[in-house]
Amino acid sequence: MPRLLLSIFVLSALPGSALLAQNITGTWQGTLKVTGTNGSVDLRIVTKISRADDESLKGVFYSIDQGGAPINATSVTLKGSAVKISIAQLNGTIEGTLSGDGNTIRGTWAQGGPALPLNLVRATDQTAWEIPPPPPPPVVMPATAKPEFTVATIRPSNPNAQGQGYGFRGQDVTTVNTSVNWLITLAYSLHARQIVGGAGWMDSEKYDVIGRPDTPGQPSRDQLKLMIQKLLADRFQLKFHTEKRELTAYTITVLKTGSKLAVSQADPNSLPGVGFGLAPGGTMTLSVRNAILDSVANALQGNLLDQPVVNRTGLTGKYDFTLRFTPDPSQRTALGLPPPPSASDPDAPPDILTAFQQLGLKLESTKTSVDVMVIEKIEKPSDN
């Protein structure tokens with residue numbers, strides 16, 4: 001299902017619009033139809049708008065069919081009956097017009113591509129849709145823990161399985177349809193081109209792994225990597241050494257005009273997030289929440305780009321941003337996406353290299369010194 005991240009945001013009105021602010025307070029709801037590779041889905045949208053003490057507008061926006069993770073609006077303008085809301089984290093904009101009777105906002109949602117109709121009507125206590133309660137947050141593993149698997153099951157994957165990745169199932173960590181090379185790149189933050197030596201089966205044979213950590217709670221990415229490092233050593237007998245070699249790689253640097261990154265306002269102890277999502281018109285978004293640029297580089301080299309990615313910015317903060325870009329054919333293949341629509345879109349966003357300049361950063365391919373893992377020993381997994 002296409003993933004449209006709409007959620008809670010705070011609205012603010014212009015000082016002179018107190019009267020109109022009074023008119024649009026209340027609960028509003030409407031349906032957004034989104035078309036993706038698997039067909040169309042209807043997303044029920046609920047917006048609750050009220051006034052703050054300073055007469056500005058504030059609101060809570062829910063995509064109730066998607067869980068409703070909160071995202072703040074960056075700006076709101078209200079001029080006459082025209083409403084415009086910009087949400088930089090989603091590269092999205094809502095524009096609408098309040099009807100004369102104050103009961104309808106006829107508008108659109110645009111996320112860099114063609115605008116989609118989004119009409120909201122004022123709801124009553126009887127007609128308002130029920131908003132599901134948010135799921136409880138996962139219990140996080142203590143940051144000081146250095147976990148390992150108390151037990152791990154490794155089985156050959158279904159040869160017809162599609163895709164690959166890792167996730168969590170209750171207390172267990174799982175990987176699906178993953179090769180040993182994939183596990184190494186995850187555990188050591190490497191690109192496949194940074195692995196030297198080994199055997200052909202490291203890439204051709206796929207495994208499903210289910211492991212239970214010895215410490216309760218959901219691990220951070222660094223803790224997950226530590227567990228997989230120990231798994232590779234114990235069950236695959238991995239032994240290696242590291243060397244510096246000159247390779248073609250992408251480097252991330254700061255433009256002369258300076259970084260435009262927004263420092264994250266999230267709890268610094270909360271889990272970071274870096275992910276790719278589909279956007280209208282066959283384009284994509286890179287969404288970053290509370291993450292360092294090393295994590296961004298790792299996500300790019302692990303999911304999108306055909307070379308290692310190295311962070312050379314010197315920036316050490318945690319950042320929030322959403323970047324919309326048009327993947328090239330090789331990137332679409334790497335992500336398992338279908339070909340783009342045949343009709344070209346003159347308003348389509350640029351490629352990922354050009355899009356990075358919007359952040360005040362430069363992503364370019366160059367020769368540079370990077371770490372490589374030289375395999376000394378590797379065996380097929382020991383029995384469960």
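This is a predicted model: local features need pLDDT of at least 70, side-chain atom pairs count only at pLDDT 80 or more; totals for chains, interfaces and linings use all residues.
The protein chain contains 7 helices and 20 strands. Of its 384 residues, 41% are buried. Among contacts in the protein chain with a separation of 6 or more, 70% are between residues 24 or more positions apart.

Two packed helices are described by the angle between their axes and the distance between the axes. For helix 2 (residues 180–188) and helix 4 (residues 221–235), the axes come within 8 Å and cross at roughly 135 degrees. The crossing of helix 2 with helix 4 is left-handed. On the side of helix 2, the contact is formed by Val-180, Leu-183, Ile-184, Leu-186, Ala-187 and Tyr-188. Helix 4 contributes Arg-221, Leu-224, Lys-225, Ile-228, Gln-229 and Leu-232. Sorted by class, the residues in this contact of helix 2 with helix 4 are 9 nonpolar, 1 polar and 2 charged.

Helix 2 is largely enclosed by the rest of the structure, because 8 of its 9 residues are buried. The buried residues are Val-180, Asn-181, Trp-182, Leu-183, Ile-184, Thr-185, Leu-186 and Ala-187. Tyr-188 has a relative accessibility of 25% and so counts as partly exposed, the cut-off for a buried residue being under 20%. Just after helix 2, Ser-189 adopts a positive phi of about 55 degrees.

The count of aromatic pairs in the model is 4. One of them joins Tyr-166 and Phe-168, with 6.4 Å from centre to centre and 90 degrees between the planes, an edge-to-face arrangement. Both members of this pair are partly exposed: the relative accessibility is 35% for Tyr-166 and 36% for Phe-168. A further pair is formed by Tyr-188 and Phe-240, whose ring centres are 5.2 Å apart. The planes of Tyr-188 and Phe-240 stand at 75 degrees, so this pair is also edge-to-face, the cut-off for that class being over 60 degrees. Because Tyr-188 belongs to helix 2 and Phe-240 to strand 14 (residues 239–254), the pair ties together parts that are 52 residues apart in sequence. Phe-240 has a relative accessible area of 27% and is partly exposed. Tyr-188 thus takes part both in the contact with helix 4 and in the ring pair with Phe-240.

Gln-237, which is not a glycine, has a phi of about 55 degrees. This residue is placed in the loop between helix 4 and strand 14, and Gln-237 counts as partly exposed at 27% relative accessibility. Asn-290 likewise is not a glycine and has a positive phi of about 55 degrees. Asn-290, however, lies in strand 17 (residues 283–291) and is buried, with a relative accessible area of 4%.

Ala-291 and Lys-318 are 27 residues apart in sequence, while their C-alpha atoms are 4.7 Å apart in space. With residues up to four places away in sequence left out, Ala-291 touches Pro-272, Gly-273, Val-274, Gly-317, Lys-318 and Tyr-319.

Thr-178 is located in strand 11 (residues 172–179). At 0% relative accessibility, Thr-178 counts as buried. Not counting residues up to four places away in sequence, the contacts of Thr-178 are with Ser-157, Gln-164, Gly-165, Leu-183, Glu-205, Lys-206 and Tyr-207. Of these, Leu-183 is one of the buried residues of helix 2, and Leu-183 is also among the residues that helix 2 brings to its contact with helix 4.

How values were computed
Residues are numbered from 1 along each chain as its sequence is written. Side-chain values use heavy atoms; hydrogens and water are left out. Axes are lines fitted to C-alpha atoms, for helices over the stretch in contact, and angles run from 0 to 180 degrees between N-to-C directions. Helices (H or I, at least four residues) and strands (E, at least two) are DSSP runs, numbered from the N terminus. A crossing is left-handed if the near helix is turned anticlockwise from the far one by less than a right angle, and right-handed if clockwise. Contact means heavy atoms within 4.5 Å. Ala, Val, Leu, Ile, Met, Phe, Trp, Tyr, Cys and Pro count as nonpolar, Asp, Glu, Lys and Arg as charged, and the others, Gly among them, as polar. Rings of Phe, Tyr and Trp (its six-membered ring) pair if their centres lie within 6.5 Å; planes under 30 degrees apart count as stacked, over 60 as edge-to-face and the rest as tilted. Buried means under 20% relative accessible area, exposed over 50%, partly exposed in between (1.4 Å probe, protein chains only).
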